[in-house]
Structures are given as C-alpha cells and as structure tokens.
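Dear colleague,

Please find below the structure that I am handing over to you.

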Amino acid sequence: MRKLMVAMMASAMTLAAAHAMAADKVVLQLKWVTQGQFGGYYVAKDKGFYKEEGLDVDIKPGGPDIAPEQVIAGGGADVIVDWMGGALVAREKGVPLVNIAQPYQKSGLEMVCRKDGPVKTEADFKGHTLGVWFFGNEYPFFAWMNKLGLSTEGGANGVTVLKQSFDVQPLVQKQADCISVMTYNEYWQAIDAGFKPEELTVFNYTEMGNDLLEDGLYAMEDKLKDPAFKEKMVKFVRASMKGWKYATENPDEAAGIVMDNGGQDENHQKRMMGEVAKLVGDSSGKLDEALYSRTAKALLDQKIISKEPAGAWTHDITDAASK
C-alpha cells in the first residue's frame, strides 16, 4: 500500500511539473519600480489571469539605471512598458519596437509651480528654470516648449532646463520655478511635503492637449513575425487587460497586491491606484490611431525623430485578444 501511495504521489508531482513546464514563459520589463502605475500586471499575476492563459509571467521592476528599450534589445524581455516618445526614438535608432497595446488612454504628466513664484501662466516661462526628467521622459516637455516657440537653451527669451531628480526637492528647495510630476506620484509627494493644492499652479499636459502617449506595451517587430510568439502576446495582452479592469474597479485591493510585490507606502499606493484608474479608464488596450498620430507629429515637429515612423504599431494583438 505504501508503495502504491508513493507511486501516486510521484505521478501527481510529475503531472504538476509537466503543467508548470507547459506554461509559456513571458518576461515583462517595467518602466519604473514596483508601484501602482503597473497595478494591472501585478493583479493579473496575483489573480491567476496569466496562468489561465497558460502563461508564466516574470514581472521585472525598472529603476533609474534601467532602460526598457535596451533591455528588450538585449533579449532580456519579451515585452516592455514604455512611453511612446522613447519607443519611437528607439525605433528610429534601430530597436524596432512595435506598440501592441495601449492600456493608458491619458497622460499623467504635469508641471507644477509654486503659486508664490514667478510663473502663473505659460507666458511667464521665459527666463525661468523648469525641472525636467530625462531618460526618455523629456520628449513631451520639449514638444510643448517647441509649440510655445521657447528655446530650451536658457537666456531671457528661453527657459533653463534643470535635469530633475525623481522627487520634488527642486521645488521644495526653490532650485527650479516649476518641476515635472505625475498625477499619480510626485504630485502627492509635493502635497506630503507640505504644499496645499491651492499653493500650486498646475499645467496638465492632457488638459492642454500636449500629452504624448504613456505606458504602452511594446514588443520587437522581428519576434512578432513568429506566429507562436504573436499568439503568446495575444494571451498576455488579454490577461493584462483583465488585470487592469480588476485593478481599476478595485484600487485598494490592487494597491495591496502591489505592496505584496514590493511596493512602498500603502497609503501612497492606494492614492496612486486611484489616479492611475483615471488614466486607464475603460481602455480595451487598443491603440487610438489619432492619439498615435498626434504623438508622432509632436516628435517630428520637435525633430526628436527625423522621419514619419512606419510599422510602429499594430492592432493585430488587441483585435485577437478581444475575440
């Protein structure tokens, strides 16, 4: 009898191992550290949505020294989260990234200024210092300044660009008259630092029509020619969007899942998930072609890219995922 039980247990373990081996591995490289910004992916994994699709998804957090475009170009990821500006620049430089889904419908980028400072309107920017993130996050700002006809080389008729850290200290310490923030992150750091909302002048990129698409999913063009990889991405996007739907409908629970995966400060993650839900909305993941064209045009106008991109997006994955 004992031998029979041992044999049954061994058989069960073998079957379990076989199922585990059968799962398709997917490596997702995030644009930044573990936080509510990526809540949909953590929820999809925690709730078993990826597993239901037969996927074993490894979510890799980003950081200040990690460029998703370089990671995927080096074979370190199957799919990345990236801003479209960075993705189109990388494509022109020889990393053929393709947008396969666009969970975020709106931009969360803002510029905030102290109300007791010199900048009240866009007309006040001249001669002042503005904080800007780089590493591919600078393109929306430069496109905006180009639209305003302002030089970013400093001087009385231009603006001085401060290469900003990923916090609000330049505003607190008055190193810059205005700084870049995200609606779901640094804006609340400013509030936590002691600013009241009425003490800040806010320039919201989306409300001004200066937004470029953020946080899309990108895969390499050559890999998408492989039907097996393409099908894997269909399953990945379908499960990811299921995760995003759950996360936006249950932001507090999603924040808890983010915390379980390494997020910091539960209250901050809850606020972040609430703000991120506004940007994702009821997104199906399908890229809005008009928003894509506006983003590409802004990059062309600023000469951030030199030619109209071709083949930089596809509806094939989201169309198949929605069936």
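The model is a predicted one, in which local features need pLDDT of at least 70 and side-chain atom pairs count only at pLDDT 80 or more, while totals for chains, interfaces and linings use all residues. Residues are numbered from 1 along each chain as its sequence is written, and side-chain values use heavy atoms, with hydrogens and water left out.

At 0% relative accessibility, Ile80 counts as buried; buried means under 20% relative accessible area, exposed over 50% and partly exposed in between, with a 1.4 Å probe and protein chains only. Leaving aside neighbours within four places in sequence, Ile80 is in contact (heavy atoms within 4.5 Å) with Leu28, Gln29, Pro68, Glu69, Ile72, Leu97, Gly216, Leu217 and Tyr218. Pro68 lies 12 residues from Ile80 in sequence, and the two C-alpha atoms are 6.1 Å apart in space.

The sheet

An open sheet of 5 strands has mixed pairing and the order E2-E1-E3-E10-E4; two strands pair if DSSP finds at least two bridges between them. Strand E2 (55–60) and strand E4 (97–101) stand at the edges, each with a single partner strand, so one side of each has no neighbour in the sheet. From one strand to the next, the twist averages 30°.

Strand E3 (residues 79–82) and strand E10 (residues 216–220) run antiparallel and are joined by 3 bridges. Asp82 stands opposite Gly216 in E10, and Val81 has Leu217 as its bridge partner in E10. E4 and E10 also run antiparallel, joined by 4 bridges, and the partner of Asn99 in E10 is Tyr218.

How enclosed is E10 by the rest of the structure? E10 is largely enclosed, because 5 of its 5 residues are buried. Both of its faces are covered, with Gly216, Tyr218 and Met220 buried on one side and Leu217 and Ala219 buried on the other. In a regular strand the side chains alternate between the two faces of the sheet.

The helices

Helix H11 (residues 227–249) and helix H12 (residues 251–260) pack with their axes 5 Å apart and at an angle of about 115°. Axes here are lines fitted to C-alpha atoms, for helices over the stretch in contact, and angles run from 0 to 180 degrees between N-to-C directions. Tyr246, Ala247, Thr248 and Glu249 of H11 make the contact with Pro251, Glu253 and Ala254 of H12. By class, this contact has 4 nonpolar, 1 polar and 2 charged residues; Ala, Val, Leu, Ile, Met, Phe, Trp, Tyr, Cys and Pro count as nonpolar, Asp, Glu, Lys and Arg as charged, and the others, Gly among them, as polar.

The largest pocket

The largest pocket holds about 570 Å³ of space. A pocket is an open set of points on a 1 Å grid over the protein atoms alone, where a 1.4 Å probe fits, with protein on both sides within 12 Å along at least five of seven lines; lining residues have an atom within 4 Å of a point. The volume is the space filled by probe spheres set on the points, which are joined across faces, edges and corners. Of the 30 lining residues, Lys31, Pro68, Phe135, Gly136 and Asn137 are the closest to the centre of the pocket. H4 gives the most to the lining, with 4 residues.

With kind regards

Methods:
Helix = DSSP H or I, 4+ residues; strand = E, 2+ residues; numbered from the N terminus.
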